[in-house]
Amino acid sequence: MISPFLRSSALNTHEVCQQQFFINYSLGIQQIVNSAVQKGSIFHKVMEIIAKIALLNKTGEPYFIDEDIGKFENRDVFSYDIFDILNKVYNFFVENTDFEGSPSDYLDCQTWIKNILEFNDGDYDPRKRNIVQAEQFFDFELKRDWSKYKFSVGENNLEGHVRLRGTVDLITEVSESPKVWEIVDYKTGLRKNWANDKLKDDSNLKDDIQLRFYHYAISTIFPDVEDIIITLFYLRESAPFPVYFTKSDMLITEEMLKNKYMSIINNQRPKLRNDYKCRFCSFSKGDFQNSGQPACEFFRDKILQIGMPKVIDKYADLKSLKQYQGGGSVRE
Ligand code: SF4
């Protein structure tokens with residue numbers, strides 16, 4: 001398979017299904033976004049706006065402009081009505097995307113916001129935190145011998161070192177000296193590993209590649225930060241799961257990333273999941289390019305008939321693969 005970048009969603013996808021990874025990240029064909037994902041995006045947008053207003057209070061900047069919702073002035077973040085912001089964001093999604101919305105969708109967003117703001121007297125309320133950054137985007141080349149790639153796609157070559165890309169929801173400062181940060185990642189889904197259905201908890205989160213990936217990336221960009229706590233906050237059960245990382249964890253993470261990357265790019269025959277989870281995958285549905293087959297089956301057969309390199313030559317969306325190499329934030 002080819003992969004000019006790694007991001008946490010790609011790593012998770014690869015754990016869940018290699019075929020889904022191939023179609024999505026090697027061919028650049030996007031899954032259809034379902035309403036649960038859009039609901040999560042609404043929640044994240046509201047939290048981002050609140051955190052950015054709180055950051056204005058800290059920095060003294062006069063305003064910020066959200067590209068979708070508009071201008072927010074620097075006034076006391078507690079004077080803003082959060083549910084008014086939710087209404088604006090929710091209506092934006094209904095009017096500008098294929099999200100239809102229902103009373104229960106709205107109620108979910110409202111409940112998640114209440115859960116995060118009210119937990120333990122506001123411990124995770126961004127307005128009460130020392131915010132470093134909201135929606136921190138990262139995108140950098142990881143220059144190692146193992147991360148060098150050269151992929152051909154039709155007449156074109158993609159060449160370089162693998163890029164690490166992603167966005168973390170919220171960074172706050174816990175201690176100034178030594179410098180310790182906490183990254184809070186909001187989770188609107190169930191607290192489980194989708195690859196094996198095991199519950200995520202304190203016994204396995206330290207080995208979670210997504211958390212390690214975030215720690216590795218943020219530690220690389222901000223080398224003066226000593227330790228980083230990464231907290232997954234599961235909104236449905238109103239429960240935070242913090243995991244403490246130190247710089248010594250980076251070595252183990254890099255080894256994990258190297259092994260994962262090697263297994264991705266050396267794989268010429270991606271495995272299919274073929275279980276009940278396929279129901280949630282849009283590649284299991286529809287009629288890909290009028291072939292009479294959904295994308296999953298279509299590419300399974302094509303790889304068998306002509307081999308993966310020719311499938312990539314013929315079907316990879318070069319523009320999409322190149323976009324992933326450039327700028328632009330995409331939610332994990
Ligand atoms: S339909 Fe199933 S096997 Fe096919 S890509 Fe999706 S999850 Fe994988």
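This is a predicted model: local features need pLDDT of at least 70, side-chain atom pairs count only at pLDDT 80 or more; totals for chains, interfaces and linings use all residues.
**Burial.** Buried residues account for 32% of its 332 residues.

**Overall dimensions.** I compared the radius of gyration with the value for a compact globule. For 332 residues that value would be near 20 Å, and the protein chain has 21 Å, so the two agree. I then took the extent along the principal axes: the C-alpha atoms fill a box of roughly 60 × 45 × 40 Å.

**Secondary structure and contacts.** I recorded 10 helices and 10 strands in the protein chain. I also checked the sequence separation of contacts. Of those between residues at least 6 apart in sequence, 67% join residues at least 24 apart.

**Helix 4 and helix 5.** I examined the packing of helix 4, residues 82-96, against helix 5, residues 103-118. The angle is about 145 degrees, and the axes lie 11 Å apart. I noted the crossing of these two helices as right-handed. On the helix 4 side I listed Ile 82, Phe 83, Leu 86 and Tyr 90; they meet Tyr 106, Cys 109, Gln 110 and Ile 113 of helix 5.

Which residues are around the ligand? I found Cys 17, Gln 19 and Gln 20, together with Leu 272, Arg 273, Asn 274, Lys 277, Cys 278, Cys 281, Phe 283, Ser 284 and Cys 296.

Key. Residues are numbered from 1 along each chain as its sequence is written. A residue is near a molecule or strand if its C-beta atom, placed from the backbone, lies within 6 Å of it. Axes are lines fitted to C-alpha atoms, for helices over the stretch in contact, and angles run from 0 to 180 degrees between N-to-C directions. Helices (H or I, at least four residues) and strands (E, at least two) are DSSP runs, numbered from the N terminus. A crossing is left-handed if the near helix is turned anticlockwise from the far one by less than a right angle, and right-handed if clockwise. Two residues are in contact if their C-beta atoms, placed from the backbone, lie within 7 Å. The radius of gyration is taken over C-alpha atoms; the globule rule is 2.2 Å times the number of residues to the power 0.38. A residue is buried if 20 or more other C-beta atoms lie within 10 Å of its own, exposed if 12 or fewer, and partly exposed in between; C-beta atoms are placed from the backbone.
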